Amino acid sequence: MEYIDNMPSMDLMRSEKMTFVQLIIPAESAHRAVTYLGQLGLLQFRDLNAEKSLFQRTFVNQVKRCVEMSRKLRYFKDQIHKAGLLLPPLPASQPDIELEEMEIQLAEHEHELIEMNANSEKLRQSYNELLEFKMVLQKASGFLVSSSSHTTDREIELDENVYSNDNHADTASLLEQEMRSELSNQSGVRFISGIICKSKVLQFERMLFRATRGNMLFNQAVADEEILDPSSNEMVEKIVFVVFFSGEQARTKILKICEAFGANCYPVPEDAKKRRQITQEVLSRLSELETTLDAGLRHRDEALTSIGYHLTKWINMVKTQKAVYDTLNMLNFDVTKKCLVGEGWCPIFSKTKIQEALQRATFDSSSQVGIIFHVMDAVESPPTYFRTNRFTNAFQEIVDAYGVAKYQEANPAVYTVVTFPFLFAVMFGDWGHGICLLLGALVLIARESKLSSQKLGSFMEMLFGGRYVLLLMSIFSIYCGLIYNEFFSVPFHIFGDSAYKCRDATCSNAQTVGLIKYKDPYPFGVDPSWRGSRSELPFLNSLKMKMSILLGVAQMNVGIIISYFNARFFSNSLDIKYQFVPQIIFLNSLFGYLSILIVIKWCTGSQADLYHVMIYMFLSPFEALGENRLFWGQSVLQVILLLLALVAVPWMLFPKPFILKRLHMERFQGRTYGILGTSEMSIDDEPDSAREPAEEFNFSEVFVHQMIHSIEFVLGAVSNTASYLRLWALSLAHSELSTVFYEKVLLLAWGYENITIRLVGLAVFAFATAFILLMMETLSAFLHALRLHWVEFQNKFYHGDGYKFKPFSFALLADDDD
């Protein structure tokens, strides 16, 4: 045991040792001190003003100012994006600027931009109105000219037939009314011209028809140009219309309908000369407005370019200043002592760096009083902090997705680095597919520096974050594929000739006559002659199923052994005696014994039925094994192992709750006084627990918890072992899918002489390989490997009820615009 205690600690095995510290900072150096600590990023502040609302804190006005500046910067960024400009790269060095000076500059820039946008919008509106007026004049002229020529042709007929009939006046048509000279002033034909969006024109015409009861003539024509909508900044297609009607009441209705549909009406004179004159004026004003608009846009783009040159630096500065003031709001402000008091967690290794940063802050702020930094005792459990690199970070994230390790708990990520990609490869074993994954991983790693600085989509970001996981998964897949001897489901004689050959010279293949073994076994992996033989499936099923059980039992044993090291680290003798020992005995009495039988059967070539052995070990433990016996004394050993498994269950269930109750009673009767290092009582409470009032010991709750834990382990030992059979099932499914696509698609198409059929078959095979075998199967195997680690492996020792160390760090600021 001394040897184990003296072993060097692993970086990732236990989280960093943390300490609780208190800072007493003079007010004049508080801002600079917190800024330097943010640059260092090794101190997690504790909120000492949690009972206060955000608006009751000391630096709330500074936070509001930062929020307002963030709003202005977002406005600038939106304007630059809307103008289609690109942000210039951040220059190597820019002069520093004070927050107050930057606030004044931002206000000036915003006022200037708002004024320019307002002027531009007014000019754009005037330009759009003139452009619409020009198109209405052009299209309406055509309608009016065609109407007048048509009227001249009908004039004689109207004179003869209409004017002689006085009773016909009420039912006369619009053109007839137009030609009646005596009523031309009171009830003559009039018209309204305008322009409307194309999407509204059908409803608009229908509404006009209903409102005038059909007494109108609606002419329309598509506008020659699309018009820019200032609100959406999109080009809109419009329709020019002219409505002929009669009567003042109809005019009022039509105008109201135009207003309701957002149609713009423009006056068009009937005189052609006047129309030409107005058109010339409109064209002249349009030309002037175009020049003015272009000059305004150039001026605005220049202003936005100037802003964009500093925008990135301003955004980062405002973000960091807001974070500093948010952190200062977490400190207690003592008005009488003119100082701020803060508390927080930091790793022990960082104490020296933090003290140096605080001394530098005192010197730079010219403070007469230094910053006090001292260690305190804490009742609450410290946060968990693992120092990871870009290789181990993805594996740590896989573990943290299940739950963050509690302080100093054994970290499963150490083992996950190897076991996760290996179990994935057991299900995905094919060295052809593994090479494809390897190429993808190498591309991501080769472009690492470029991709890390880009904003990626959600899927690509996840893939890039797990590039080293993908790398190991592909390497292990190649290794397992060589063991299975599968290259896109095709076997190869890589490591020599097969150990099997035909019985005689007449045999053609293994499916008709069969093979016989004539030399030593194939040196590495599965013999290629098994492929296509009559016994291929039974052989591979047996191999992969037994291998899955061996891997599962081995990993579960590792999990239980880690629980021993956890209990030993936390000086928890109860968990060692009444959890670790009975658990290791129970698991190995049943499934450890099964694993030994599998290895013996492989080594001896015995024909024993292991199903029969395991079933009758429980049903008839004293019955002779007969032909299923694998070694001498097997029957006696089975009885002993069965008894040990039966004894292990009450061993897990009863002793620990009663011992905890006895120790609790002794503690408060004065015979013992100390801290119990049990899983129910955290040793992190040790420094202050003697001063804290003890919680009431609830024996029934402890007993029920232990009973649930024991039942869960007993049932889980069976279900978890069965769960590892997914390694066999998915490996078989992947192999069979590969075989189907190879034989029924590629080989079938290659059997035709037609080049088109061959190309189609090759395309279908490539598509199936890429999207089904390399994407769907990869995702499936990944999720199953994830489940095996979270449920079957980690539940043996991992509590995962801690919380992450979240230091105040400018580098870790979230990329948001709050």
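The structure holds 22 salt bridges, a salt bridge being a side-chain nitrogen of Lys or Arg within 4 Å of a carboxyl oxygen of Asp or Glu. The model is a predicted one, in which local features need pLDDT of at least 70 and side-chain atom pairs count only at pLDDT 80 or more, whereas totals for chains, interfaces and linings use all residues. Residues are numbered from 1 along each chain as its sequence is written, and side-chain values use heavy atoms, with hydrogens and water left out.

Among the salt bridges is that of arginine 65 with glutamate 100, whose closest N and O atoms are 3.9 Å apart. Arginine 65 belongs to helix α3 (residues 60–82) and glutamate 100 to helix α4 (residues 99–161), so the contact ties together parts that are 35 residues apart in sequence. Helices (H or I, at least four residues) and strands (E, at least two) are DSSP runs, numbered from the N terminus. Arginine 65 is partly exposed, at 28% relative accessibility, and glutamate 100 is likewise partly exposed, at 45%. In these terms, buried means under 20% relative accessible area, exposed over 50%, and partly exposed in between (1.4 Å probe, protein chains only).

A salt bridge is also formed by aspartate 224 and lysine 139, with 3.1 Å between the closest N and O atoms. This pair links distant parts of the chain, 85 residues apart: aspartate 224 is in the loop between β4 (217–222) and β5 (227–229), and lysine 139 is in helix α4. Aspartate 224 is exposed, with a relative accessible area of 54%, while lysine 139 is partly exposed at 23% relative accessibility.

Arginine 190 and glutamate 248 form a further salt bridge, in which the closest N and O atoms are 3.0 Å apart. Here too distant parts of the chain are linked, since arginine 190 lies in strand β3 (residues 189–197) and glutamate 248 in helix α8 (residues 248–260), 58 residues apart. Arginine 190 has a relative accessible area of 30% and is therefore partly exposed; glutamate 248, at 42% relative accessibility, is also partly exposed.

Valine 414 was examined separately. This residue is placed in helix α12 (residues 413–428). With a relative accessible area of 18%, valine 414 is buried. The C-alpha atom of valine 414 is separated by 9.7 Å from that of arginine 14, although the two residues are 400 residues apart along the chain.
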